[in-house]
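Subject: Handover of a protein structure

Dear colleague,

Please find below the structure that I am handing over to you. I would be grateful if you could look through it before reading my notes.

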Amino acid sequence: MKKLSYLFLALLIVACSSDDSNNDNDLMGSFLDIYNGVVWKVSQSDDVGHLNDKITFFNNPESYIVYYPAPDDLCVTVVFGETYGEADEEQVTITIHNESENSITFKQQETGEDDTYFSFTANSNGNSLIKEIDYGNGDIVEDVLVIETNSSSCSN
């Protein structure tokens with residue numbers, strides 16, 4: 001909640017500034033800067049299996065943690081640009097494809113598969129996040145996430 005207060009204060013300063021020479025993107029920072037450490041929980045999903053999953057983004061190192069409560073109570077950390085998997089088996093690499101102050105798009109490269117793109121976009125007040133996955137065949141899956149206060153990345 002303290003981070004949201006700082007975010008509101010930063011927005012207030014930008015809105016009240018009379019110096020038009022400042023670039024809002026420079027003042028606000030990137031998506032990973034603004035939402036560093038914020039825990040988001042899936043509250044609405046096209047796929048019931050994603051309900052209650054959590055994600056937390058970090059700017060140092062640039063990464064995210066995903067918590068899957070069911071069925072395995074699994075917590076996965078992904079550092080962008082690192083390759084995961086055994087050399088003689090499936091390997092996955094996730095990189096930042098595009099980033100702005102309110103959205104981030106990732107490219108997932110997987111052995112033997114077409115590249116997959118997925119994005120997270122914060123709404124104008126920062127209280128919810130839309131996750132979209134484009135599988136490249138016209139099938140786009142969308143989840144709605146909300147800020148989960150008083151919660152850590154990898155717990156209920």
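Predicted model: local features only at pLDDT ≥ 70, side-chain atom pairs only at ≥ 80, totals over all residues.

Overall build

The protein contains three helices and 10 strands. Of the 156 residues, 31% are buried. The protein exposes about 9,500 Å², and carbon and sulfur atoms supply 46% of that area. Among contacts with a separation of 6 or more, 35% are between residues 24 or more positions apart.

Two of the pairings may be followed in more detail. Strand β1 (residues 39–45) runs antiparallel to strand β2 (residues 54–59), with three bridges between them. In this pair, Val39 stands opposite Thr56 of β2. Strand β3 (residues 62–68) is joined to β4 by six bridges, and these two strands also run antiparallel. Here Ile65 stands opposite Thr77 of β4. Strands β3 and β4 form a hairpin with five residues between them, and Asp73 in the turn has a positive phi of about 50°.

The disulfide

How many disulfides does a search of the whole structure find? The search finds one. It is formed by Cys75 and Cys154, whose sulfur atoms are 1.6 Å apart. This pair links distant parts of the chain, as Cys75 lies in strand β4 (residues 74–79) and Cys154 in the segment after β10 (residues 140–147), 79 residues apart.

Are these two cysteines buried or exposed, or do they fall in between? Cys75 has a relative accessibility of 36%, so it counts as partly exposed. Cys154 has a relative accessibility of 32%, and therefore it also counts as partly exposed. Both values lie between the cut-offs of 20% and 50%.

Lys131 is found in strand β9 (residues 128–134). Is Lys131 buried or exposed? With a relative accessibility of 17%, Lys131 counts as buried, because the cut-off for a buried residue is under 20%. Leaving aside residues up to four places away in sequence, Lys131 touches His50, Ser119, Phe120, Val141, Glu142, Asp143 and Leu145.

Leu145 is buried, with a relative accessible area of 2%. Beyond the residues up to four places away in sequence, Leu145 touches Trp40, Lys41, Val42, Ser43, Ile55, Asn127, Ser128, Leu129 and Lys131. Leu145 and Thr121 are 24 residues apart in sequence, and their C-alpha atoms are 10.0 Å apart in space.

Yours sincerely

Definitions and conventions: Residues numbered from 1 in each chain as written. Heavy atoms only, no water. Helix = DSSP H or I, 4+ residues; strand = E, 2+ residues; numbered from the N terminus. Buried < 20%, exposed > 50% of the residue type's maximum accessible area, 1.4 Å probe, protein only. Contact = heavy atoms within 4.5 Å. Areas by Shrake-Rupley, 256 points an atom, 1.4 Å probe, with all protein chains shown as cover. Disulfide = S-S within 2.5 Å. Pairing = 2+ DSSP bridges.
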